[in-house]
Amino acid sequence: MLFTSYTFIAFLIILFLVYYLLPHKWQWVITLCAGLFFYAYAFKDPGKQFGFFFIIITIITTYLSARLIDRNLKIQQEYVKTNKETLDRDVKKAYKEKMRKKRLLILTGCLVLNFGILAVLKYTNFAISNVNGVIKLFGSEAAVGSVDFVLPLGISFYTFQSMGYLIDVYRGKYESVRNPFKFALFVSFFPQLIQGPISRYDDMADSLFVPHSFDFTRVSRGIERILWGYFKKVVIADRMLVGVKEIIGAPDTYFGFYVFLGAIFYALELYADFTGGIDITIGIAEVLGIKVRENFERPYFSKSIKEYWRRWHISLGAWFTEYLFYPVSVSKPSLKLSKWSRAHLGEKVGKRLPVYIATISVWLITGIWPGAAWNFAVWGLGNCFFIMLSEELEPLYDKFHKRFNVLGTTPWKIFQILRTFAIMCSLRMLDCYRNVPVTFKMFGTMFTRFNAPEVFREGLWNIGLSIPDYIVLLCGTAVLFTVSMIGRHGDVRKRVFAKNPVVTVSVCSILLILILVFGAYGIGYDASQFIYNQF
Amino acid sequence: MDKKRKVKNIILSLLVVAALILILAALTRLFMPKYMGEVKEGALIGEYYDEEKDFDVVFVGDCEVYENFVPLVLWEEHGINSYIRGSAQQLIWQSYYLTEETLKYEKPDVVVFNVLSMKYNEPQKEAYNRMTIDGMRWSPSKVGAIKASMFESESFIEYVFPILRFHSRWNELEREDFRYFFGNEKVGDNGYYMQLGVVPVDYIPEPKILGTYEFGEASWEYLNKIKDICAENDVELVLIKAPSLYPEWYPEWDEQIVDFAEENDLKYVNFLECTDEIGLDFSTDTYDAGLHLNLSGAEKLTSYFGDYLAENCDLEDRRDEPELSALWENKKTAFYERKAELEEKFCEK
Amino acid sequence: MDELLEILQNLHPDVDFEECDTLIDDGILDSFDIVSLIAEISDTFDVVIGAENIIPENFNSAQALYDLIERLEEE
């Protein structure tokens, strides 16, 4: 069930009705059932049903592990408390350590199992193709056949979310949830299954399980946000996709300035599609009265790559920082390495070395988690390279800023934003062409083969987009930009539309009309399909 | 005060929603193809609902009925009140549901079905489906027709809210979309679509050799359903094959229909076998080199078929009914006006 | 406390660490800073700040950070 399918919209309408018409105390159960239905629907085709059980495995193992860890922690606290007087310090410490090891064992077991599933499903074929490559290198023909796995929907997102929860419980951040069905709801909350955000349990728990009465203002705003998401996705992203696909699909035809154009189109397409999807997700949650955290904060206004990654897909970045970057970089071996390197390599290099090692490993993983392929790995390392580069160049920048006194001035800010945008676009080409050598070659043609005049003369009209398409895209992008500009100073809906529900209803109506008319959906979208001739 | 404001807000919101519905309805009408320009065939199906539904003979089928039979001739020569429920590439399940729908409105004496569509066992072209289905009024028959005709890439809801299907026409709207916003012009004469051009047959393409000459399962299913529903309603079913030189009507196909007619005690007329008796001259009687007849050919064919009907089916001559005669008088005027108009256009060319 | 302030001051000479209590919320300290901070603290104070302690509440001000160090030293 894609967000943009009629089935999904019908599903939503039914859910919203049931959610508020049945007794409100059942709401969380209804949401859980909806999530399981949504998930099962993805595996309805014969031969694919088993994909459904991976999420069940994750729910059960994570739930049980968290409960066990919690119980262990309680026993420990109880024991220490009752024997407060009699225990001496060392015995107490040894006991605590013993119990901690037990908890760690449970945690590790559960992590290995769940990330193991993820790794096997996602990376087996990548591994096989690399093994085959090596085998071929040695001139042998005996290749390993690839395996056809059904990749369960949203497996990365729910795995990350559940494992984050488990680690938090292990760290004693909050107690584990008693009711397994409530935990199942947290993992399978359907709007975020497909593309996140990755929620933290303590963020969501407050609003996820309590009854919500029908609040017209909140519900209409939720619907407004949903429609805004569809507008971005259907009117802008899907229309733009035609051009992007055309350019990327034929690197031999579309080189030089086309590549530049493709990169910009892709940046817009990706932004509109991804943030639109998240708007739909958060909007649905808002209608249901559930708080889901924001996942984007106008990322294209970032002034550095590092800042960009704090503002793009925020929940994923936060997850990696919290559960991967910090544990790795403040682990004992890493601190030892830091000490050693500072002693032997000097203060400056020594300080950086462990951080950089952690950074590189995090980016490598960030790169390959969405798809196992070399282009993604190179993409991740590319990001890492620019982040470290700007870190290293900081003293230089400082000097420059002081010398010319540009820091904070508007033109300089705009320059910084454009620079960041350009770097991100360039890196993203790896994601477009899905092939490392081709990407570099195409990137090169931007500078070696100058064909901008020709592109503007006729090329623009040959990539599957017509003049009306460009007009819609231009207007859509202008709306997007304006909303972002206003959004810099707070929630657009609150700022511009105040609290008058009539305005919300009107905005919803206008958005609905725009989506229905200008959306790139349905078979009619390909106008060539509807030809009235040959009787 | 606060309550007053709340009531005001609710009323305003409802007004906005009402405006939204109105706008969407207007946009739907605007974006729906009007079939008033080059392709008038799409408007034929909808015209039936404006008629006094009291016909003796109803034709169902594809272009081989609405291009080839002239109800006016049947009236003038035999007092038969007839109507053609034909549409471009009407598929056999669409013919079935149109028959079903027609039989809910009225009980004619004879239903005439042109068997060419037996060759299609699955939906062919979405655009044609739309021409047949969009003209139908909502009824269980329309639902059935949609379900039977839909492609996998289509959704039922796109028929309920056609804006979902036709919204992409926003950048190809034409004058006719605005001109006929509030209603179409009548394009047919009792379902007959008049053509005056003459393009003689110069050659007939060599028929392709087919893998199988057996009609498909769905085709048989719906032919049987048409037969059954006619029998249930005490309506005589007459099968015909219009005298179009191509697309090819294979002898193997003809045999199957002959056998079917025999088994079920139905009348079947293959006009291809009696073109000489009809007096068809393929150098003057077709407007597209043999696919369809022009007015001159259609008049000859109808005249021949009228004799057949009068002779073989139990049909009354209704020319003595004053109301009906008056109605036909008007139709006749409209028919000749159209003819004159077309002739004028034809001469201009 | 003075030692801690010195470490912080070395990291960002231009920030008033004694007053500021939104080091994380305002993005003054980023992840790189936190990691180098922890490395230096572990040298100076002989405590290990585990990943579980890296939450905004513990890093938003020098005082909060110092409290954390003291708590860890006690254990």
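pLDDT is the predictor's confidence in each residue, on a scale from 0 to 100. This is a predicted model, and a tour of it can begin with that confidence.

**Stop 1: chain C.** Select chain C and colour it by pLDDT. The average over chain C is 83, and 99% of its residues score at least 70. For the model as a whole, ipTM is 0.89 and pTM is 0.88.

**Stop 2: the two domains of chain A.** Hide the other chains and select residues 6–213 of chain A, which form domain 1. Then select residues 221–521, which form domain 2. Between the C-alpha centres of these two domains of chain A the distance is 28 Å.

**Stop 3: a helix pair in chain A.** Stay in chain A and select residues 332–345, helix α12, together with residues 347–368, helix α13. The axes of the two helices are 6 Å apart and meet at an angle of about 150°. An angle over 145 degrees counts as roughly antiparallel, so α12(A) and α13(A) are roughly antiparallel to each other. The crossing of α12(A) past α13(A) is right-handed.

Now show the side chains in the contact. On α12(A), pick A:Ser334, A:Leu337, A:Ser338, A:Ser341, A:Arg342 and A:Leu345. On α13(A), pick A:Glu347, A:Val349, A:Gly350, A:Lys351, A:Leu353, A:Pro354 and A:Ala358. The residues of this contact between α12(A) and α13(A) comprise six nonpolar, four polar and three charged.

**Stop 4: where chain B meets chain A.** Bring chain B back into view. The contact between these chains uses 29 residues of chain B and 23 residues of chain A. On the chain B side, select α1 (2–31), α6 (126–133), α8 (157–160) and α9 (163–166), each of which supplies at least two residues to the side touching chain A. Which helix gives the largest share of that side of chain B? It is α1(B), with nine residues. Colour the side of chain B that touches chain A by class to finish: 16 of its residues are nonpolar, seven are polar and six are charged.

How values were computed:
Residues are numbered from 1 along each chain as its sequence is written. Chains are lettered from A and ligands numbered from 1 in the order in which they are written. This is a predicted model: local features need pLDDT of at least 70, side-chain atom pairs count only at pLDDT 80 or more; totals for chains, interfaces and linings use all residues. Two residues are in contact if their C-beta atoms, placed from the backbone, lie within 7 Å. Helices (H or I, at least four residues) and strands (E, at least two) are DSSP runs, numbered from the N terminus. Ala, Val, Leu, Ile, Met, Phe, Trp, Tyr, Cys and Pro count as nonpolar, Asp, Glu, Lys and Arg as charged, and the others, Gly among them, as polar. Axes are lines fitted to C-alpha atoms, for helices over the stretch in contact, and angles run from 0 to 180 degrees between N-to-C directions. Angles under 35 degrees count as roughly parallel, over 145 as roughly antiparallel, 65 to 115 as roughly perpendicular and the rest as oblique. A crossing is left-handed if the near helix is turned anticlockwise from the far one by less than a right angle, and right-handed if clockwise. Domain bounds come from an automatic or database domain assignment.
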